[in-house]
Amino acid sequence: MFRVIFRYPKISLPIITKRPASAATTPSNPSKYPGDISSVFPSLSGHSPEPLPQRFADIKKCLIHGHETRVQDSWDKLLTVLEQKRDEIGERGSSVVPEINFWELDDVEKRTEFRDALHRTGVAVIRGVVREKEALGWKELLKRYIASNPGTRGFPPSNPAVYELYWSPSQILARAHPNVLRAQSFLMSHWHSALESSDTRQLISTSNPLSYADRLRIRQPGDSSFALGPHVDGGSCERWESSGYGLGGVYDQIFQGNWGNYNPWEMTCRIPVKSDLYNGPGTCSMYRMFQGWVAMSENGPGQGHLKVCPMVKEATAHMLLRPFFAPSKAADEPQYLDIANWTLEDPVTSALQGAVPAKGQELNTELHPHLALEDTMVHVPKVKPGDYVAWHCDTIHAVDSTHNGASDSSVLYIPACPLTEANTRYLTRQRETFADGTPAPDFPSGDGESQHRGRLTTEYVMKNISLKAQRAMGLAAFDIRPQEKSKRERDTLKMANQIPGFTRT
């Protein structure tokens, strides 16, 4: 039985009354231990990581074996480029981040200018994806959902800024919004394949974004607990491992001393990647081309806002090459940052600066001094409710250590995920957690929202979101009949229908 307590423009949201404790749902991802966002980052949890085992020294030796001279030369050139980039970013600040209005997505001239800047920086803002009133309505609906379920967990526990919520009505409505899906397809169109469209060895579609259930943030003024520093998601140690990103040779050019030839926007090499070898709580296993969020408040510099390092190619190359080099002179000596001071390690250590198994990749000035993060981490431009901010999956990002604004800094985390076989398999598992109200498979286990009042049923959602949004959630089959689609597209859609058990062909 349902009774309506929440109201949203044009939609009445039903309430699911709490079930008896004996009817509680068994967590569908019991292999993930309980936790919150601090479980992903040592800097938030306060735990000092243990040194990595010796096998990582062997991994490092194998990665550059036979390329040592080229790797040293490429490192020297990279340090020079990083200094130039630091000056450019320092001069331009937030204006280096490209912006485009949602209603300009079909403007060829605007798109071209936006594309070029996106490829350089790895980050973007799309203005007005959702109407401001609608985005603010999502926030108010969330507040009522949280108030109706006082047992909702978050970080920090005493005054949450990031909530362990994945299936609130606001999150489902936002992920299903046609403009959000359109923005995701637009962003993913800026990736490309090294394979011909007729080549079906790697099945992928960027025109059919999949829904990834992630958390949300409502950070209050004065908060300094959610001080998440520079980091990269999508695994950490996996970037150096042959059984991780090495499965697709994603960074081979970098490890072979040709970082200038590395292309962060080639999409097929990432299809076979395993980014969660250690089953960490919150270490993403799904292929996300972009991380992103939809703003539910005005957010600006110093107001609990997002900061990014807008040089995705160069920063990635440095992060990956840093473990191979060591300085001769100490950090307190004038020549510490000089190119001549940094040479290949001898002997080779197991260190992968900032990488810890089952955790996210963290970076800081001490471990990565040449990135000059104090100068190259810039705020994303001020946003309004309904703006969509997105960044390449390898982009270094952080949040203000203290929220010095006068009102909440609130966002819904909504990444852009392409349609692939691995992503479809994840989506099928995620569909089960949606039905049960438990955390999505990548996240800490537990009962989640299985007993929450106001959680939406599958039946209700099917009646109130578009067919495209149903497909994105794994609730409906794709239409593969149109003949204008490429063979790869048709084969990808056929695969995506078979895995969840749909029969349409």
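**View 1. Lining of the largest cavity.** The lining of the largest cavity comprises 15 nonpolar, nine polar and six charged residues (Ala, Val, Leu, Ile, Met, Phe, Trp, Tyr, Cys and Pro count as nonpolar, Asp, Glu, Lys and Arg as charged, and the others, Gly among them, as polar). This is a predicted model, in which local features need pLDDT of at least 70, side-chain atom pairs count only at pLDDT 80 or more, and totals for chains, interfaces and linings use all residues. Residues are numbered from 1 along each chain as its sequence is written, and side-chain values use heavy atoms, with hydrogens and water left out. Of the 30 lining residues, Ile37, Asp214, His231, Asp233 and Gln291 lie nearest the centre of the cavity. A cavity is a set of points, on a 1 Å grid over the protein atoms alone, where a 1.4 Å probe fits but cannot get out; lining residues have an atom within 4 Å of a point.

**View 2. Helix H3.** Helices are DSSP runs of H or I with at least four residues, numbered from the N terminus. Among the buried residues of H3 are Trp75, Leu78, Leu82, Lys85 and Ile89 (buried means under 20% relative accessible area with a 1.4 Å probe, protein chains only). Glycine 93, with a positive phi near 60°, follows H3.

**View 3. Lining of the second largest cavity.** Lys85, Glu88, Ile89, Arg92, Val96, Arg120, Thr121 and Pro310 line this cavity. H3 gives the most to the lining, with four residues.

Notes: Buried means under 20% relative accessible area, exposed over 50%, partly exposed in between (1.4 Å probe, protein chains only). Helices (H or I, at least four residues) and strands (E, at least two) are DSSP runs, numbered from the N terminus. On a 1 Å grid over the protein atoms alone, a cavity is a set of points where a 1.4 Å probe fits but cannot get out, and a pocket is an open set with protein on both sides within 12 Å along at least five of seven lines; lining residues have an atom within 4 Å of a point.
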